[in-house]
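Please look over the sequence and the structure shown below before reading on.

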Amino acid sequence: MPQNFIPVDLHCHSNYSDGALPVNELISLAAANGGRYLALTDHDTVSGIKEARLCAAEAGINLIAGVEISVTWQNNCLLHILGLGIDENNQQLIDQLNHLQQNRLERGHKIAESLAKAGIADAFNGAMAYCTNPQALSRTHFAQFLVANGHAKHNRVFDQYLTSGKPGYVMQTWASLADAVAWIINSGGVAVIAHPARYKLSKSKIINLITEFKSYGGTGMEVISSSHSLSDEHLFGGLCKATNLLASIGSDFHRADHYRKIKVGINKTPPDNLPMIFDSLGISLSC
Ligand code: AMP
Ligand code: MN
Ligand code: MN
Ligand code: MN
């Protein structure tokens, strides 16, 4: 493990959602990188957790059961809320995630219709060919299909096709913030705002979000993330301290690639004075 890193990663994806690796390979890679505490946080599904527990036990990794829930906040803002330390057998959580997975499939058909109008045929089956778990059909799988068929370069495909106003973008209403936090808490977990810099919210909107999130019982916010710059770390670390949220840390690893050097299983050491979420999850790094 590189200097100034810690063996904790509270955010990553397998091919149960839009990650490239099967759970066993993801966990072996995290162990090879020196990881000790790993949360599997697939989008809107906990289907990979059981297998992850078995693989983690073999690899000497402490698995934290997780999920990354898609949320629609204030009508049109897409947020991701992590549930960490959840019980993957909790019936309410499973039922509600099933509902979101249904929405994913319906949205997938609408994305394909929309792309067909733009002259790109059979995108639903095309995207599905990249999707190991059909319930978790994601824009990432459409991106893979579009790139493989020469419609866009990998670094431009979201901007050209899959974001608001573009031919393959479909507006979708996900869970409410209140519901997502409640499902997480009711299943024994802690709720964390994922990669807050990604939402491009003004400072006053971020404060509104944190205030509302805390009023529902939310606990933490990611500070160290592959989506964050150094100045994002300062900003969101400061906001954690100011609002008594606990800081979280996650690679958001999806795949090994040559343009973003993200390692699963380990992360930059957080600053000493940042209150971390570790105690809530039984993470102890003292030995
Ligand atoms: P979905 O949950 O199906 O709407 O897809 C969102 C996923 O697409 C995120 O979890 C990211 O993995 C990926 N994603 C979103 N925006 C981008 C982007 N601009 N470039 C690459 N991947 C992206
Ligand atoms: Mn993703
Ligand atoms: Mn996310
Ligand atoms: Mn993620």
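Are Asp18 and His43 buried or exposed? Both Asp18 and His43 are buried, where buried means under 20% relative accessible area, exposed over 50%, and partly exposed in between, with a 1.4 Å probe and protein chains only. The model is a predicted one, in which local features need pLDDT of at least 70 and side-chain atom pairs count only at pLDDT 80 or more, while totals for chains, interfaces and linings use all residues. Residues are numbered from 1 along each chain as its sequence is written, chains are lettered from A and ligands numbered from 1 in the order in which they are written, and side-chain values use heavy atoms, with hydrogens and water left out.

The two residues of the opening question belong to a metal site. The protein donors of the manganese ion (ligand 2) are Asp18 (OD), His43 (NE2) and His254 (NE2), which lie 2.2 Å from the ion; donors are N, O and S atoms within 2.8 Å of the metal (3.2 Å for Na, K and Ca), and water is not among the atoms, so sites may look incomplete. Along the sequence, the spacing of these donor residues is D-x24-H-x210-H. Asp18 sits in the loop between strand E2 (8–9) and helix H1 (23–32), and His43 in the loop between strand E3 (37–40) and helix H2 (49–59), so the pair ties together parts that are 25 residues apart in sequence. Helices (H or I, at least four residues) and strands (E, at least two) are DSSP runs, numbered from the N terminus.

The manganese ion (ligand 3) is 5.5 Å from the manganese ion (ligand 2). Glu68 (OE), His80 (ND1) and His195 (NE2) coordinate the manganese ion (ligand 3), at 2.1 to 2.2 Å, and in sequence these donor residues follow the spacing E-x11-H-x114-H. Because Glu68 lies in strand E4 and His80 in strand E5, the pair ties together parts that are 12 residues apart in sequence. Glu68 is buried, with a relative accessible area of 1%, and His80 is buried as well, with 11%.

His11 counts as buried at 0% relative accessibility, and His13 counts as buried at 0% relative accessibility.

Rolling a probe the size of a water molecule over the atoms shows where empty space is left. On a 1 Å grid over the protein atoms alone, a pocket is an open set of points where a 1.4 Å probe fits, with protein on both sides within 12 Å along at least five of seven lines, and lining residues have an atom within 4 Å of a point. The largest pocket holds about 1,400 Å³ of space, and of its 37 lining residues, Asp18, Thr140, Phe158, Arg198 and Arg260 lie nearest its centre.

The overall fold can be described next. The protein chain has 9 helices and 9 strands. Its radius of gyration, taken over C-alpha atoms, is 18 Å, close to the 19 Å that the globule rule gives for 287 residues, so the chain is as compact as a globular protein of that length; the rule is 2.2 Å times the number of residues to the power 0.38. Of the 287 residues, 54% count as buried.

Two loop residues remain. Lys200, in the loop between strand E6 (190–193) and helix H8 (203–215), has a positive phi near 55° although this residue is other than glycine, and Lys200 is exposed, with a relative accessible area of 75%. Asn244, in the loop between helix H9 (230–243) and strand E8 (246–250), is not a glycine either and has a positive phi of about 60°; Asn244 is exposed, with a relative accessible area of 62%.

Definitions and conventions. Grid points are joined across faces, edges and corners, and a volume is the space filled by probe spheres set on the points.
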